[in-house]
Amino acid sequence: MKCMISEQLKQRLPSGKFGVIRYHHIEVSDSPQMLRGRLELFQESLYIELQEKAIADIPELMEWRRAFKQIGTDPGRYRPSSESLYRRIQKKHFIPSIHSAADVNNFFSLYYKIPLGIYDFDRIDGIVTLTIGTEQDEYVALNGRTVNFANKLVSKDERGPFGSPIVDSERTAVTRETKNALQIVYFLPSTPEETAKRQLQAIQTMFVQIHGGEADAQLLV
């Protein structure tokens, strides 16, 4: 599967960097205790930290808010998913274990303070393009709401939009039946390419350790 960045997105966010990892022959299940424990402990640690620190004082979260503004999105109305996770933890609404794939995604989103998306590869058709949405681009999100992606960063295939750093779609949601997956990592624009590649490798390594299968990664710049 080919993945690419549209020229429009490159113009609005010239320093944007995105990681793509393709996984094949994986087994999604309940998370192993190691992952559940790490996710729980990390959230407890962040909760303590966030009682003394404002969200606005976290540079990585603020950088993605600035990136949203560059793209044309109001970050006060549509937050990057990483910021949404941090706001939940600040209120002690800890993220529960969902399944192994979602839990890996949430762990690294918290750890690197960036949005990540995970999608069922077999529900995606044709070339994947990261672009800026139009008034015609919308989908039913994982929260059950229909979201319009005009002037928002969105991932599209031949059937239309399916993912974003805000909230992902029901259409391509990963389940315990998923055997092949596509992961999109929304790096901070300021991240050096070599650092982004190391982070991409760390995500891929943990995912394959837990789910088995094979993987290949690509950095889009």
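1. Axes here are lines fitted to C-alpha atoms, for helices over the stretch in contact, and angles run from 0 to 180 degrees between N-to-C directions. Helices (H or I, at least four residues) and strands (E, at least two) are DSSP runs, numbered from the N terminus.

2. The model is predicted, and local features need pLDDT of at least 70, side-chain atom pairs count only at pLDDT 80 or more, and totals for chains, interfaces and linings use all residues. Residues are numbered from 1 along each chain as its sequence is written, and side-chain values use heavy atoms, with hydrogens and water left out.

3. Helix α4 (residues 81–90) packs on helix α5 (residues 100–112) at an angle of about 85°, and the two axes are 9 Å apart. The pair is therefore roughly perpendicular (65 to 115 degrees; under 35 counts as roughly parallel, over 145 as roughly antiparallel and the rest as oblique). On the α4 side the contact (heavy atoms within 4.5 Å) is made by S82, L85, Y86 and I89, and on the α5 side by N106, S109 and L110. By class, four of these residues are nonpolar, three are polar and none is charged (Ala, Val, Leu, Ile, Met, Phe, Trp, Tyr, Cys and Pro count as nonpolar, Asp, Glu, Lys and Arg as charged, and the others, Gly among them, as polar).

4. Helix α2 (33–50) has 18 residues and spans 25 Å from first to last C-alpha, close to the expected 26 Å (1.5 Å times one less than the number of residues). Its buried residues (under 20% relative accessible area; exposed is over 50%, partly exposed in between, with a 1.4 Å probe and protein chains only) are L35, G37, L39, Q43, L46 and L50. Among the elements covering them are α4, α5 and α6 (193–211).

5. E52 sits in the loop between α2 and α3 (59–71). E52 is exposed, with a relative accessible area of 75%. Between E52 and Q90 there are 10.0 Å in space, C-alpha to C-alpha, at a sequence separation of 38 residues.

6. Helix α3 has 13 residues and reaches 19 Å from its first C-alpha to its last, close to the 18 Å expected. Buried in α3 are L61, M62, E63, W64, R65, A67, F68 and I71. These pack against α1 (7–12), β2 (18–24), α4, β4 (128–132), β7 (153–157) and β9 (180–186). Just after α3, G72 adopts a positive phi of about 115°.

7. An unreviewed UniProt entry places the feature "domain: B3/B4 tRNA-binding" at residues 62–212; UniProt positions follow the numbering used here, feature names are shortened, and annotations may be inferred rather than shown by experiment. The span is 34% helix and 21% strand, and its end C-alpha atoms lie 35 Å apart.
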